[in-house]
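Please read it alongside the sequence and the structure shown here.

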Protein chains: 2
Amino acid sequence: MDIDMIEISKALSNKTRLNILKWLKDPEGNFPPQGGCLSEPVDLKGGVCVSSIQAKANLSPSTVSNYLDTLQRAGLLLSERHGKWTYYRRNEEAIMALAEFVKEEL
Amino acid sequence: MDIDMIEISKALSNKTRLNILKWLKDPEGNFPPQGGCLSEPVDLKGGVCVSSIQAKANLSPSTVSNYLDTLQRAGLLLSERHGKWTYYRRNEEAIMALAEFVKEEL
DNA sequence: TTTACATATTGAAAATTCCCGAAATGTGTG
DNA sequence: CACACATTTCGGGAATTTTCAATATGTAAA
């Protein structure tokens, strides 16, 4: 598991994408309750569906979907699909690894 | 002193700019001795002149000058002019602050 | 299976970044 | 002052990124 600093930096160089990361630090505080429409109860691990993030970001669904993909390809987000919904959450391990990289290697 | 994460991320999202930061971690190891042409001896604090960096980066002087400016505007480099030369060095404080920001706030 | 909805992908116009050569600026020297 | 040299700034073509609407795909329900 190595750090692609360019990919990560590009992912972080946009206000909305930074906001998404920030919002996902406190999903309960920043988004409506998730998973209510699922047939079976699942542990979403703080994951939030695309439409909730889209509503908060106030951008088109395709843009937000792209942003989430960008953050995921950079390794900063994880996603899990349940039914119709894709739930995105922070990859805390990757974020810690990034902090460590900046501190020791940058 | 607050962190402009977008400015910093943009500065870091380029291979050469990342290399410059890395090279400046070990100026003696990566560049020829600096300051030899100065009339008076000065403590360069590990600073390296633009032409030495340009030679190593293998890009045009104007591009390298631009890159250094980008890194400085992001706060990651410091510069000091002595005679005809501008010596750039890492801003370790800012880099530590960035690591801390990623760890605690991102 | 038809429908409805959540999300992802595609295609394109606008904005930004990359990188250079040319020109300008700063600085010491003859 | 005139010159050489280090660096910066400017102008622009090529490449990339941004963002959307339109379209496609996946999934559950009727």
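This is a predicted model: local features need pLDDT of at least 70, side-chain atom pairs count only at pLDDT 80 or more; totals for chains, interfaces and linings use all residues.

The elements that give two or more residues to the side of chain B that touches chain A are helix 1, helix 2 (15–23) and helix 6 of chain B. Among these, helix 6 of chain B supplies the largest share of that side, namely seven residues. Sorted by class, the residues of the side of chain B that touches chain A comprise 11 nonpolar, three polar and seven charged.

In terms of extent, 21 residues of chain B are in contact with 21 residues of chain A, and the area buried between the two chains is about 1800 Å², with carbon and sulfur atoms giving 75% of it.

## The enclosed space

Rolling a probe the size of a water molecule over the atoms shows where empty space is left. In this model the count comes to one cavity of 30 Å³ or more, and the largest cavity holds about 60 Å³ of space.

Both chains take part in its lining: A:Met5, A:Ser9, A:Leu12, A:Leu98 and A:Val102 are among the lining residues from chain A, while chain B is represented by residues including B:Met5, B:Ile8, B:Ser9, B:Leu12, B:Leu98 and B:Val102. At least two residues of the lining come from each of helix 1 (5–12) and helix 6 (92–104) of chain A, and likewise from each of helix 1 (5–12) and helix 6 (92–104) of chain B. Helix 1 of chain B gives the most, with four residues. By class, the lining of the largest cavity has nine nonpolar and two polar residues, and no charged residues.

## Salt bridges

Over all chains, the count comes to eight salt bridges. One of these joins A:Glu80 to A:Lys45, whose closest N and O atoms are 2.9 Å apart. Because A:Glu80 lies in strand 2 (residues 77–82) of chain A and A:Lys45 lies in the loop between helix 3 (27–30) and strand 1 (48–49) of chain A, the pair ties together parts that are 35 residues apart in sequence.

Conventions: Residues are numbered from 1 along each chain as its sequence is written. Chains are lettered from A and ligands numbered from 1 in the order in which they are written. Side-chain values use heavy atoms; hydrogens and water are left out. On a 1 Å grid over the protein atoms alone, a cavity is a set of points where a 1.4 Å probe fits but cannot get out, and a pocket is an open set with protein on both sides within 12 Å along at least five of seven lines; lining residues have an atom within 4 Å of a point. Grid points are joined across faces, edges and corners, and a volume is the space filled by probe spheres set on the points. Ala, Val, Leu, Ile, Met, Phe, Trp, Tyr, Cys and Pro count as nonpolar, Asp, Glu, Lys and Arg as charged, and the others, Gly among them, as polar. Contact means heavy atoms within 4.5 Å. Buried area is the accessible area (1.4 Å probe) that two parts lose on being put together, summed over both. A salt bridge is a side-chain nitrogen of Lys or Arg within 4 Å of a carboxyl oxygen of Asp or Glu.
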